[in-house]
Amino acid sequence: MTAVSAPAQPRRLREMSGQVGWAVLAWVVGIAFFLPVLWMVITAFKPESAAETWPPQFVFTPTLSQFRLVFSGMGPFLTHSVVATIGSTILVLLLAVPGAYALSVHPVRRWRDGLFFFISTKMLPIVAAIGPLYVIALHAHLLDSLWLLIILYTAMNLPLAIWMIRSFMLEVPSELLEAAQLDGAGRMREITSVIMPIISPGLVSTALICVIFAWNELFLAINLTVTNAATMPMFLISSVPQEGLYIAHLSAAATVASIPVIIVGWIAQRSLVRGLAMGAIK
Amino acid sequence: MASVKYVSASRIYAKEAPPAVDALDLDIRDGEFMVLVGPSGSGKTTALRMLAGLEPLDGGRIEIGDRDVSGTHPKDRDIAMVFQNYALYPQKTVAENMGFALKMQGVHKDERNRRVREAARLLDLDDQLLDRKPRALSGGQRQRVAMGRAIVREPKVFLMDEPLSNLDAKLRVQTRSQIAELQRRLGITTVYVTHDQVEAMTMGNRVAVLNQGQLQQCATPRELYDNPVNQFVAGFIGSPAMNLRTVPLADGGVRLAGGVLPLPTAVLTGARQAGLSEIVVGIRPEHLHLANGSGELAGEVILVEDLGADALLHVRLAEGGDQVVARTEGRKPLAPEQHVTFHVAPDDVFVFHPETGARLAG
Amino acid sequence: MTVIEDLAPPPKVEIRPSGVSRRDRWLTRLPLLPALIYVVVVTQIPFLVTLWYSFQSYFWNTPEPARFNGLDNYKAVFTNPAFRGALVRSVVMTATAVIVAMILGVAFAVLLDRKFVGRSVVRTLIITPFLVMPAAAALVWAGPMLDPNFGLINYLLEPFGVHHVAWLSVHALGSVILVMIWQWTPFMTLIVLAGLQSQPPDTLEAAKVDGAGALATFRELTMPHLRPYIELGILLGSIYLVNVFDAVRLMTNGGPGTSTTNIPFYLYQQVNNAFDIGGAAAAGVVTVILTIIVATFALRMFARVFQFEEAQG
């Protein structure tokens, strides 16, 4: 094997030092961006006495007492969040898949209008209707109920889900659909046997995004629930007392509240990336 | 305009794997049209990209016009490249595509326009196409824009990576001659990569045949056809491919199709001296002449491919069941199951070493 | 790509339409109906109710029932400096956050587009702020990060001459915007990254051979290619950022004074503090109308985003 010849070296060296510099810059940015999350988790392990000090303490005796407090209080909130999130996500998928189908593979005549209508509902701030929403919920006996949250979260996520799933469906090669038609597949069969398997990664990313937005939702929860349907974001707020030290406890609550979505997002990162890009732009 | 030299140039992707390009030595003369040809994985595209500076060298060096460019950035090598999929800038118009390199060089807008128009004229590109974007063009038009982008630069070397492979057959033949004609007119050294040996034979001043990263032979098309230096070249050049069979040595020749095919004594002596009991013989389809019953090789016709001017006969040889292909005149209609015999001139029989594939000339 | 649907317009003459095509049309519409009906019911009914209440005088802290009061609520909205202020602040907050997040997004995407040691780890780190619960982000930034007495930021900036700044008092708006940017830059980064990775590599090589350096390639090739991605990011980001509530409520509670009150928070205050259902409804309707106007302009500018490619059939 011939050794690397001399003229090739200066360029290789330049390339290598460029590589190192790039990596350093990227790592600095990554760590800087992650720092608040890191600090949140660190603070969660502090006793309150070590949490509100100057200078901030980096070395201390970690304790699980904050987490114990959090776990003891969060039970119902956690359940409510899980039910509302998963319930609304399932409902979203059930409605969005056929809806997206009718806007992509076998489109209705006015699919442009349909798509625009769905997107437009996201542009109008839900905040504008919160008063009347409260009144409606009151009269419908849905106030402070998980069903209300499921209904509203579904409406919140449906437009985005339809847009995303539609774009995934558009990527199904038309030859596959034509072959299925020649094989005598009706529309149901077309959806279940041809389209669903191909877009299943896309369904995962859509579900992921719905879970993220539903789990983290605060505005509707805080205005329309009290105790029977109070979700994790509200638990978090309740951990800020009127007086007394609370920073470490708050950090523990914040960590626990955020961890599920963070873990899921990390694991399904690729799916998330793909979903966010949405293939909507060809 | 400049000469190009590969001096023991190598590209190794993984330490355990064989090199993609293995110590390539190639001298390309100033103004020459050199074709790099070979099957997939032969290293021809890699070698081209090394010349472009898009692949680094793991050994050896590359010179353009006596200047070692091994460590030089592509933009400083004064080369222009036509990519297989054209690589046109999608958001720019045809004129902007063609003038891009000049813009990077800081050439003034008027001068740029002038040169772009000149190149467009040379390539038969209508003026109205100049303001269109690539997606509004046909495949053939895009190909010409890609060429125009290269021509406008008046570089020292043209590099072309299978520029015709995405065109339909008829357009390919037409464009082939246009490219060859263009190169003759402009006189710019050109290195052209293709897997199609017909393109190689018709376009190149010289052709370099590569296989698995190694140069097999570099010669004029005529020389490659008449004097292949090994079995690979012999089987690669020529269409349909040369018939190659491993046969045992016999007295005065080799045993084939129930008879003995005579070979020159020198070849036989050489083979015996090398301790061989079998050798590989190669006969081109066009050298198998139909002999009415008196030929050395007998067989039965299995399939007739009538091409109009010629016919290709697929013949199963007697005793052994080997199949060969023979080219005959189209006018002599033959049918399957007919028995035929062939005569072949001793000079038209190539002999190769059964293991190394090297040509045994005796 | 063939579109299988009934393309003929309904005939003017009374001809009985063939059973198949009519049935076919309804079969095509059927899958859309559940989602469509659901969204219409859940979003339009509250809006209609809002519209109705906007013409009523209705307060929760009194026993009086709702009473029609014509355009009084609307007059109040337009003369109310608090509403105008909230509107201005919404625009400022959204525009600043979207623009800065996009600029950072492009920068980070470029950073992540090249291979380097631990690239996937860095990407994970950069994505995380988007995953953090906004309420948690707001509280963590308000407390452990920005507090004047024990906040990490003050500690890190001390060597630079910054001493115990009460960020949420002195730079309230900036702090809230900072958190908005922190949470949404990953979103922009990922969209732009998808754009960068969808660039055909051979055009980049062609640019190299054509003499374009890294900067020229980015300016001439990459940015035009990224345009639809950037527009999508800005559009979607704006839709979500204009509705930001958590950070405002939990970091500054709209203050000091009203310096960080945006529209969502203003409406929340109207309902929860002023118990003014009618007034909130009118403000809500005005907000909706303004949003429609802005969105129409935005869509005209960003027409490319809605690449209504012909659907498959």
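Visitor: Which residues of helix 6 of chain C are buried?
Guide: Quick note before the list: this is a predicted model. The buried ones are C:Pro134, C:Ala135, C:Ala136, C:Ala137, C:Ala138, C:Leu139, C:Val140, C:Trp141, C:Ala142, C:Gly143, C:Pro144 and C:Met145.

Visitor: Why is helix 6 of chain C described as largely enclosed?
Guide: Because 12 of the 12 residues of that helix, 134-145, are buried, the rest of the structure largely encloses it.

Visitor: OK, switching to the contact between chains B and C. How many residues does each chain put in?
Guide: Chain B brings 16 residues and chain C brings 13 residues.

Visitor: On chain B's side, which elements supply at least two residues each?
Guide: Strand 6 (79-82) and helix 2 (94-105) of chain B do.

Visitor: And which one gives the most?
Guide: Helix 2 of chain B, with four residues on the side that touches chain C.

Visitor: What's the makeup of that side by class?
Guide: On chain B's side you get 12 nonpolar residues, three polar and one charged.

Visitor: Let's do sheets. What's the strand order in the five-stranded open sheet of chain B?
Guide: It goes 13-12-11-14-20, with antiparallel pairing.

Visitor: Which strands sit at the edges?
Guide: Strand 13 (259-262) and strand 20 (350-352) of chain B, each of which pairs on one side only.

Visitor: What's the average twist?
Guide: From one strand to the next, the twist averages 45°.

Visitor: How many bridges hold strand 14 of chain B to strand 20 of chain B?
Guide: Three, and the pair is antiparallel, with strand 14 covering residues 278-283.

Visitor: Now strand 16 of chain B. How many bridges join it to strand 17 of chain B?
Guide: Seven, and those two run antiparallel, strand 17 being residues 310-317. Along that pairing, B:Asp306 stands opposite B:Ala311 of strand 17 of chain B.

Visitor: What about the hairpin they make, how many residues lie between the strands?
Guide: Three residues separate strand 16 and strand 17 of chain B, and B:Gly308 in that hairpin takes a positive phi near 105°.

Visitor: Which residue is the bridge partner of B:Gly299 in strand 19 of chain B?
Guide: That would be B:Val340.

How values were computed:
Residues are numbered from 1 along each chain as its sequence is written. Chains are lettered from A and ligands numbered from 1 in the order in which they are written. This is a predicted model: local features need pLDDT of at least 70, side-chain atom pairs count only at pLDDT 80 or more; totals for chains, interfaces and linings use all residues. Two strands pair if DSSP finds at least two bridges between them. Two residues are in contact if their C-beta atoms, placed from the backbone, lie within 7 Å. Ala, Val, Leu, Ile, Met, Phe, Trp, Tyr, Cys and Pro count as nonpolar, Asp, Glu, Lys and Arg as charged, and the others, Gly among them, as polar. Axes are lines fitted to C-alpha atoms, for helices over the stretch in contact, and angles run from 0 to 180 degrees between N-to-C directions. A residue is buried if 20 or more other C-beta atoms lie within 10 Å of its own, exposed if 12 or fewer, and partly exposed in between; C-beta atoms are placed from the backbone.
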